[in-house]
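I opened the model today and jotted down what I looked up. My notes follow the order in which I clicked around.

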Amino acid sequence: MRMFDEQYSKKIDAVQLSNSTVARRIKDLAADIEEELVCRLKICDGFSLQLDESADVSGLAVLLVFVRYRFNKSIEEDLLLCESLQSNATGEEIFNCVNSFMQKHEIEWEKCVDVCSDASRAMDGKIAEAVTLIKYVAPESTSSHCLLYRHALAVKIMPTSLKNVLDQAVQIINYIKARPHQSRLLKILCEEMGAQHTALLLNTEVRWLSRGKVLVRLFELRRELLVFMDSAFRLSDCLTNSSWLLRLAYLADIFTKLNEVNLSMRGKNVTVFTVFDKMSSLLRKLEFWASSVEEENFDCFPTLSDFLTEINSTVDKDICSAIVQHLRGLRSTLLKYFPVTNDNNAWVRNPFTVTVKPVSLVARDYESLIDLTSDSQVKQNFSELSLNDFWSSLIQEYPSIARRAVRVLLPFATMHLCETGFSYYAATKTKYRKRLDAAPHMRIRLSNITPNIKRICDKKTQKHCSH
């Protein structure tokens, strides 16, 4: 029965949805995604977790937990839960929040193979405590420390002469950026002088990844700053000191290179093999750079090399010594955080190079590996697929050895997903939306699962009372 004609139907369609209607539909979509995720986790062979906690704009402690698992012929990554901790944000509370979700949806803890966090084994913090409690209920689970944090800690160490230049560069930047009036005047001056940029970039310890860009920008605006800086400012003479500028140019180059390496280790489906390959490359480059500097060849540092050409000068022995010391010291520090060990799982990285039985495999699995590597079609697939997809696609044909390989690939190598998640959370729940329950929004935004609209509509269909 039609209650309105077409004219009235168009008018009804033009009516905007209320806030409650939009919120309800967002929750319905999020609930459907969560239902699908739970179903996948119940039938998967294993999964790994990545968790972190932070405070939002309203002061609530927010817990983000991501999960990696095998589904069909690929390894998937999804948001497991986004919850606010109402009381104390302790390790026990964090564990209870995750454990309640597992028990509510009847997900077995025995399937958990690894927990990744930003807490090292030596740290006595709430995240470390939560990881310990998870390993208690999941005895076969291991724990790992984010490899990006290891890299960040390693690159902080440098010789005193370079550290002083870095600190002074930050002070110069803060002298401008901390004063809006100064920033506006600098912008006007840069525009009049036809500079490539009109503003400096702010350096903070939290955003350490941008340090290379910050120093490059400072170096590129050195002439404009020399005109702009008040002679009363105690660091204004640094901009006329060629030795100081040479050290600054080197720091801009080396931090740019380190940032590029760090960015290459971010993203989805990054494995431990990916990270250690990048670090192995960086270690070789550091040795090459140090040898080049000893030979007074600075081609590998473009900013420094161009500046030397500009001033038609050479680098003092003291500066060369400091650079070599920094490069060699950085290499030694990285080796401590990323030690070279015998990789018992090298067969996972490339099974076709294995000629003897790996220590980690039993005889039956090694026989299966021989069958696998003798298959020409499988060898062709290895060159076409990613490592995750390659092993996931072999579950049906070579179940035993493929499941062992997937278990090695499941652990998270970095905390990139949690970092990205908190960025989205901060953009969603602002100071103007402090009362917002951001969990459904985060579920939709960060999940790779497409909601089943038909299933949602079928649940919402209201049957006539006579039926």
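I started at Ser 117 and found it standing opposite His 145 in β5. This is a predicted model, so everything I note here is about a prediction. Ser 117 made me look at strand β4 (residues 112-117), which is joined to β5 by four bridges, with the two strands running parallel.

Next I traced the whole sheet. Five strands make it up, in the order β3-β2-β1-β4-β5, and the sheet is open with mixed pairing. I checked its edges: β3 (74-85) and β5 (142-145) each pair on one side only.

Then I asked myself which helix lies across β1, β2 and β3. I found helix α3 (residues 91-104) there, running at about 120° to β3.

**Greasy bits**

I moved on to the nonpolar residues. In soluble globular proteins, nonpolar side chains tend to be buried together. Here the largest nonpolar core has 84 residues, and Leu 251 and Leu 327 touch the most other members. I noted that helix α10 (residues 242-264) gives the most to this core, namely twelve residues. Domain 1 (26-146 + 414-459) and domain 2 (153-337) each supply at least three residues to this core.

I zoomed in on Leu 327. Leaving out residues up to four places away in sequence, Leu 327 touches Tyr 250, Ile 254, Leu 286, Trp 289, Ala 290, Val 293 and Phe 301. There is also a second, separate core of 33 residues, which includes Leu 81, Phe 101, Trp 109 and Ile 134.

**Charged bits**

How many salt bridges are there? I got a count of 18. One of them joins the side chains of Glu 36 and Arg 455, at 4.0 Å, N to O. Glu 36 sits in helix α2 (residues 19-43) and Arg 455 in helix α21 (residues 453-460), so this pair ties together parts 419 residues apart in sequence. I saw that Asp 32, Glu 36, Arg 40 and Arg 455 are linked in a network of salt bridges.

Are Arg 68 and Glu 77 buried or exposed? I found both of them buried, and their side chains meet in a salt bridge at 2.4 Å, N to O.

My last stop was the salt bridge between Glu 287 and Arg 328, at 3.2 Å, N to O. This pair links helix α11 (residues 272-294) with helix α13 (residues 317-337), its two residues being 41 residues apart. Glu 287 is partly exposed at 31% relative accessible area, and Arg 328 is partly exposed at 29%.

Note on methods: Residues are numbered from 1 along each chain as its sequence is written. This is a predicted model: local features need pLDDT of at least 70, side-chain atom pairs count only at pLDDT 80 or more; totals for chains, interfaces and linings use all residues. Side-chain values use heavy atoms; hydrogens and water are left out. A nonpolar core is a set of buried Ala, Val, Leu, Ile, Met, Phe, Trp, Tyr and Cys residues joined through side-chain atoms within 4.5 Å. Buried means under 20% relative accessible area, exposed over 50%, partly exposed in between (1.4 Å probe, protein chains only). Domain bounds come from an automatic or database domain assignment. Contact means heavy atoms within 4.5 Å. Two strands pair if DSSP finds at least two bridges between them. Axes are lines fitted to C-alpha atoms, for helices over the stretch in contact, and angles run from 0 to 180 degrees between N-to-C directions.
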